[in-house]
Amino acid sequence: MSKLSITDLNLKGKKVLLRVDFNVPMKDGQITDDNRIVEALPTIKYVLKEGGKAIVFSHLGRIKTEEDKAKETLLPVSKKLEELLGQKVVFVPVTRGKELEDAIASLKDGEILMFENTRFEDVPGKKESGNDPELGAYWASLGDVFVNDAFGTAHRAHASNVGISSHIEKSAAGFLMEKELKYIGEAVDNPVRPFIAILGGAKVSDKIGVIENLLKKADKVLIGGGMAYTFYKAEGLEIGTSICEEDKLDLAKELIEKGKDKLVLPIDNVVAKAFDNDSESKVVKATEIPSDMMGLDVGPETLKLYADSLKGAKTVVWNGPVGVFELPSFAKGTKTLCEMLANLEGAVTIIGGGDSASAAISMGYKEKFTHISTGGGASLEYLEGKVLPGVAALTDK
Ligand code: AMP
C-alpha cells in the first residue's frame with residue numbers, strides 16, 4: 001500500500017491515537033455481535049506490545065439529541081474490549097476536557113484507555129460528522145501519532161478520521177484497515193480470474209455504482225434478492241407484489257443491455273402470499289410469478305445456475321443476501337450460497353459487509369470465507385471504485 005502502515009511507526013512511549021470502528025449492534029445494552037471488536041484486537045495488541053499508550057475511540061450509532069447519549073454510551077463496549085483483551089481498559093466518559101487530558105497524562109507505556117462515543121460531539125453542532133476543524137485539531141493534539149483502523153467509517157470525512165489526519169504529522173493504517181484494503185482492493189483491481197460477483201439485497205438503488213463497476217471488472221455478475229424484481233419488471237415480466245423500485249426501471253434496462261451475458265438474473269423464485277415466515281409459498285419460474293404473490297428467495301434452478309457460474313471461480317465478491325434470510329422459510333438461497341462459497345476450492349472469497357456478512361456469520365460460516373468485511377457502506381463504496389476519504393487522508397509512504 002502507498003500509505004503509511006502501523007508497522008512503519010515507532011510506537012515506544014508514544015501516545016497513540018487509535019480510531020477503531022466499534023459501532024457494534026446492541027440490544028438492551030448488550031452487544032449482539034462483537035466481530036468488529038475482535039477484528040481490531042491485532043492492532044490494539046500491537047500498540048501495547050510495542051510499548052505505546054493506546055488512546056482508543058470510536059463512534060456508536062447516531063446522536064441526534066441529548067437523550068440519545070444515554071443509550072449510545074461506549075461503556076459496555078469498553079467492558080467487552082477489556083474482557084477480550086484480558087487487560088484493564090480505563091473508560092473515560094467524555095470526549096474532551098481535563099478529565100480526558102488527565103487520564104491520558106497518567107497512562108503508562110503498554111496501557112490503554114478508551115474515551116466516549118465520538119458522535120457525542122454531534123449534539124450540538126455536528127462537530128464530529130461535520131469534520132469541524134477545531135475538533136480534529138483538538139483530538140490530534142492529544143496524541144503523538146494517529147493509527148486509523150476504522151475501515152467501516154473510511155467512506156466518511158469526519159473529525160475523528162480525516163480531521164485528525166489533517167492535524168497530525170503521521171497517520172498510518174492499522175492491520176484491519178490494511179487487510180480490508182488488500183482483499184477488496186485486489187479483488188476489484190487485480191483479480192485472479194475467473195472473477196464472479198454476487199449482488200443481492202433489497203434495492204437496486206443502493207448498489208447501482210457497484211453493479212456498474214463490477215460489470216466492467218468481473219467475468220459474471222449474479223443478481224439475487226429483492227433487487228432482481230426491478231430487473232424482471234424492466235424486462236416486462238409479471239412480478240406480482242414483489243419489492244420493486246419503479247423509478248429505477250430505466251436504469252435496470254440500461255444495466256441489462258450493458259451487462260449482456262455477464263449479468264445473470266434468477267430463473268426461478270420462492271414466492272409467497274405475504275412477507276411472513278408462515279405464509280403459503282411455492283417455487284415458480286421467473287416468467288410465472290402470480291399477480292398476488294411476492295418473490296422472497298431464489299429457487300433451486302437458480303441455485304444450480306449459481307453453482308455452474310461459480311465452477312472454477314478464483315475470486316468471488318458477494319454483497320447482499322439473495323433472499324429474506326431473516327425468515328427461516330426464505331433463508332435457503334442465502335444459506336446454500338454460503339455453502340457453495342465455503343466449498344469453492346482455491347478461490348479467494350470475500351463478503352462485502354452489511355447484511356450478507358451478518359447472514360454468513362449467523363449461519364455459522366464465519367471461518368469459511370477468505371475475508372468478511374467489517375464495513376458495509378465503506379466496502380460498497382470501495383467496490384464502486386471510489387476513493388475513501390479516511391484512507392486518502394493517511395500519510396503517504
Ligand atoms: P441490503 O441491506 O440492501 O443488502 O438488503 C438486505 C435486505 O434485503 C435483507 O434484510 C433481506 O431480507 C432483504 N431482501 C432480500 N431478498 C429480498 C426479497 N426478495 N424481498 C424483499 N427483501 C429482500
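Okay, so before anything else, one term: a residue is buried when its relative accessible area is under 20%, exposed when it is over 50%, and partly exposed in between, using a 1.4 Å probe and protein chains only. What you're looking at is a predicted model, where local features need pLDDT of at least 70, side-chain atom pairs count only at pLDDT 80 or more, and totals for chains, interfaces and linings use all residues. Residues are numbered from 1 along each chain as its sequence is written, and side-chain values use heavy atoms, with hydrogens and water left out.

Let's start with the overall layout. Where the domains touch, domain 1 puts in 9 residues and domain 2 puts in 10, with contact meaning heavy atoms within 4.5 Å.

Now, charges. Side chains of opposite charge can pair when their charged atoms come close. The rule for a salt bridge here is a side-chain nitrogen of Lys or Arg within 4 Å of a carboxyl oxygen of Asp or Glu. How many salt bridges does that rule give? The count is 26.

Let me walk you through some of them. Take glutamate 39 and lysine 179, whose side chains form a salt bridge at 3.0 Å, N to O. This one ties together distant parts of the chain, 140 residues apart: glutamate 39 belongs to helix α1 (residues 35-49) and lysine 179 to helix α7 (residues 175-189). When I say helix or strand, I mean DSSP runs, H or I of at least four residues for helices and E of at least two for strands, numbered from the N terminus. Is glutamate 39 buried or exposed? It's buried, at 16% relative accessible area, while lysine 179 is partly exposed at 32%.

Next, glutamate 66 and lysine 69 pair up at 3.3 Å, N to O. Here glutamate 66 is partly exposed, with 45% relative accessibility, and lysine 69 is buried at 16%. Then there's aspartate 247 with lysine 248, a salt bridge at 3.3 Å, N to O. Aspartate 247 is exposed, with a relative accessible area of 61%. And Lys12, Lys53 and Asp109 are joined in a network of salt bridges.

Okay, on to the ligand. Which residues are closest to the ligand? Of the 16 residues around it, the closest are Ala202, Lys207, Gly295, Glu326 and Asp355, where a residue counts as near if one of its heavy atoms lies within 4 Å. For polar contacts, we want a pair of N or O atoms within 3.5 Å; within protein, one must be able to donate a hydrogen and the other to accept it, and residues adjacent in sequence count only if both atoms are side-chain atoms. A polar backbone atom of alanine 202 is 3.1 Å from a ligand oxygen. Lysine 207 brings a polar side-chain atom to 3.0 Å from an oxygen atom of the ligand, and for aspartate 355 a side-chain N or O atom is 3.3 Å from a ligand oxygen. On its own the ligand exposes 500 Å², and the protein buries 83% of that; these areas come from the Shrake-Rupley method with a 1.4 Å probe, and for residues only the protein chains shown count as cover.

Let's jump to the loop between β6 (112-115) and α5 (133-141), where you'll find threonine 118. Threonine 118 is buried, at 0% relative accessible area, and its side chain reaches the backbone nitrogen of histidine 59 at 3.5 Å. Asparagine 117 is in the loop between β6 and α5 too. Asparagine 117 is buried as well, at 0%, and its side chain reaches the backbone oxygen of glutamate 72 at 3.0 Å. Leaving aside neighbours within four places in sequence, the contacts of asparagine 117 include Ser58, Leu74 and Thr95.

Last stop, helix α14 (residues 376-383). Its buried residues are Ala378, Ser379, Leu380, Glu381 and Leu383, and their cover includes α7, α8 (208-217) and β15 (315-319). Just after α14, glycine 385 takes a positive phi of about 90°.
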